Amino acid sequence: MEIRLAGARFASALIDGKPLDYEKLIPKPNPLMTFRPYALAEAVARVGIVHLGAESDKAMPQIALSIAPDGLKLSAGRGEAQATDAADTESITGSADIVLWIRYLSECLAAWPETASVGLTQEGKGKAVLFYDPATPNVRHVIMPQSPK
């Protein structure tokens with residue numbers, strides 16, 4: 001298939017085979033924790049400032065979320081340019097360590113209204129992370145985790 005426009009050409013090949021079932025990659029809503037997006041967004045912004053000082057992280061900084069029964073801790077940066085913070089949660093039902101790109105997480109959190117009660121689910125280390133609000137089941141945000149740098 002090919003589309004030509006003034007000064008531009010878009011070409012795509014048809015791929016023979018069964019398409020990937022993306023629904024299987026998305027975790028089922030079973031929250032490790034629930035939170036108000038504005039509370040997490042504020043903590044992400046505070047911790048995310050650190051990447052400005054870490055030369056190697058400027059292109060796409062990461063943030064680590066450590067979910068445990070005693071709370072949610074966030075960290076970003078390395079060496080002397082490292083910051084940690086905690087964020088308020090409504091409930092925590094499990095434990096996980098998740099590393100995400102700060103930009104993707106910030107965009108996800110900004111999409112929710114302040115009144116939302118958002119759940120976070122991950123069905124295993126390295127698997128997709130689902131953000132959802134049970135009050136709006138047709139809206140889901142999925143972010144693939146990263147390997148820590």
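User: What makes both faces of strand S10 (residues 129-132) count as covered?

Analyst: Val129 and Phe131 on one side, and Leu130 and Tyr132 on the other, are all buried. Buried means under 20% relative accessible area; over 50% is exposed, and in between is partly exposed (1.4 Å probe, protein chains only). The model is predicted, so local features need pLDDT of at least 70 and side-chain atom pairs count only at pLDDT 80 or more, while totals for chains, interfaces and linings use all residues. Residues are numbered from 1 along each chain as its sequence is written, and side-chain values use heavy atoms, without hydrogens and water.

User: How do you know that S10 pairs with strand S9 (residues 118-122)?

Analyst: Pairing needs at least two bridges found by DSSP. S9 and S10 have four, in the antiparallel sense. One of the partners is Gln122 with Val129 in S10. Six residues lie between the strands of this hairpin, and Gly124 takes a positive phi near 155°.

User: Why are S6 (81-87) and S8 (96-101) called edge strands?

Analyst: The open antiparallel sheet has the order S6-S5-S4-S8. S6 and S8 each have a single partner strand, so one side of each lacks a neighbour in the sheet. Neighbouring strands are turned by 20° against each other on average, direction ignored. S8 is joined to S4 (residues 62-68) by six bridges; Gln62 pairs with Trp101 there.

User: What makes helix H1 (residues 37-48) count as packed on the sheet?

Analyst: H1 touches S4, S5 (71-78) and S6. Contact means heavy atoms within 4.5 Å. The direction of H1 makes about 165° with that of S6. Helix H2 (residues 102-110) lies across S4, S5 and S8, at about 95° to S8. Axes are lines fitted to C-alpha atoms, for helices over the stretch in contact; angles run from 0 to 180 degrees between N-to-C directions.

Key
Helix = DSSP H or I, 4+ residues; strand = E, 2+ residues; numbered from the N terminus.
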